[in-house]
Amino acid sequence: MIPLQEAREHVLSRIETLPARRVRLDEALGLVLAEPVFSAEPIPGFANTAMDGYALRAADTRGAPVELEVVGTIGAGDDGSLCVGQGQAARIMTGAPIPDGADAVVKVELTRRLDGQDGQDDRVLVEASIKAGNHIRHPGEDVADGEQVLAEGTVVTPGRVGLLAAVGAYTVSAHGRPRVGVLSTGDELADTPGPLRRGQIRDTNRRTLLSLVSEAGFEGVDLGIAPDRPDDISEAFLAGAADCDAVLSSGGVSMGDFDYVKVVLDEIGEMRWMQIAIKPAKPFAFGLVGGTPVFGLPGNPVSSMVSFELLAKPGLRAMAGHGSDDLGPELVRAVSDDKLGHRSDGKTHFVRVGARRDEQGVLRVARSGGQGSHQLAAMTRADALAVVPDGAPAGVGDPVDVIVL
Ligand code: AMP
Ligand code: MG
């Protein structure tokens, strides 16, 4: 058996980051920028009002309440080509440009509109004395002209999509979103409703792994089910490797007579077969088929999920351009409400636990039931995996690291 860290380093040492390409902003969410983005203009681009109210000269409001003449109305989107002179004000709406001559805005709540009589202009009563600059958003206050708004290596989040739009960056240079093929293997697998014949089970891994792939921000490609026949397995892997940036398979990597995945991948690829000192998810294979990374995950449903979290996802994140300190899984400190330990077997155990925050806000975890690597229902009742190293059990009240699911 090898330590988990060694398996992870092996994977990461052979993964190459996908090349940069130009992508439209509406396809950029979750991608990693390959180049910094600069703003070609200040934001805001012009002085504008943060409030609905009146633009005026602050000096005119000394000795408030004062009455001012209203010379017009400026809405958001207007070019604001009004001029406010001494003793005057312009009605103004949030986001509208500050007119020439004005140096402050009074919010509408501090004014009273005095309707003009026949032949008279509108007037407004300003009830408070206003400081120069009041409620004015200045040009460049958010982003300066020429400023770098996002660095290379930044992950595009929803807010950053908006920021890119704000600076007019409608395409960006970003690393590719990995296209990840997912293949199930096994003669026992069915993928139809209705009764199963004895010996059959439904394929769950492909559905789970495709879901994990898309939840992680990658593009999943369904490669179907390959029966336990070398030719079919070989064909499925070759097709997947040709079409995708990476392939995940489950099953066929243990010691059984029909575990042909191992045999086939050794023929068509350069694989390393590993027994990792963890439970679940001990068997794992990684290698290249025609240059495409292939992750051979174990067949048991819980094992395949754990293997994905610990090994495949970090590898795929590296491929997508995430930094080495941002590959996950993230460990969170919790306190154990349970005895979490095991008879020494040389392995780190990933114990399925329920997690809750107590009144002090401390994350507390306790075993969440069935720990069998085939028990998917029990896995879905777990909120986290507690990391329990061999020979380092956690007692009740002890700190324990967990991976939140
Ligand atoms: P294997 O590594 O192929 O021997 O599979 C180990 C266990 O996982 C067996 O009980 C398989 O039936 C089960 N298994 C393999 N692939 C899947 C799958 N796609 N969905 C559900 N169970 C699976
Ligand atoms: Mg099998």
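This is a predicted model: local features need pLDDT of at least 70, side-chain atom pairs count only at pLDDT 80 or more; totals for chains, interfaces and linings use all residues.
Leucine 56 has alanine 89 of strand 6 as its bridge partner.

## Domains

The domain assignment divides the protein chain into domain 1 (4–18 + 177–326), domain 2 (21–41 + 144–175), domain 3 (48–137) and domain 4 (331–404). Between the C-alpha centres of domain 1 and domain 3 the distance is 66 Å.

Side chains of opposite charge can pair when their charged atoms come close. Searching the whole structure gives 19 salt bridges. One of them joins the side chains of arginine 14 and glutamate 270, at 3.2 Å from N to O. Arginine 14 belongs to helix 1 (residues 4–14) and glutamate 270 to strand 18 (residues 270–275), so this pair ties together parts that lie 256 residues apart in sequence. Arginine 14 is partly exposed, its relative accessible area being 29%.

A salt bridge also connects the side chains of arginine 179 and glutamate 219, with an N to O distance of 2.8 Å. Here too the pair links distant parts of the chain: arginine 179 sits in strand 13 (residues 179–185) and glutamate 219 in strand 16 (residues 219–226), 40 residues apart. Arginine 179 is partly exposed at 24% relative accessibility, and glutamate 219 is partly exposed at 34%.

## A buried arginine and a network

Arginine 317 and aspartate 326 form another salt bridge, in which the closest N and O atoms are 3.2 Å apart. Is arginine 317 buried or exposed? With a relative accessible area of 16%, arginine 317 falls under the 20% limit and therefore counts as buried.

Elsewhere, salt bridges with shared partners bring Asp191, Asp203, Arg206, Arg207 and Asp222 together in one network.

Notes:
Residues are numbered from 1 along each chain as its sequence is written. Chains are lettered from A and ligands numbered from 1 in the order in which they are written. Side-chain values use heavy atoms; hydrogens and water are left out. Domain bounds come from an automatic or database domain assignment. Two strands pair if DSSP finds at least two bridges between them. Helices (H or I, at least four residues) and strands (E, at least two) are DSSP runs, numbered from the N terminus. A salt bridge is a side-chain nitrogen of Lys or Arg within 4 Å of a carboxyl oxygen of Asp or Glu. Buried means under 20% relative accessible area, exposed over 50%, partly exposed in between (1.4 Å probe, protein chains only).
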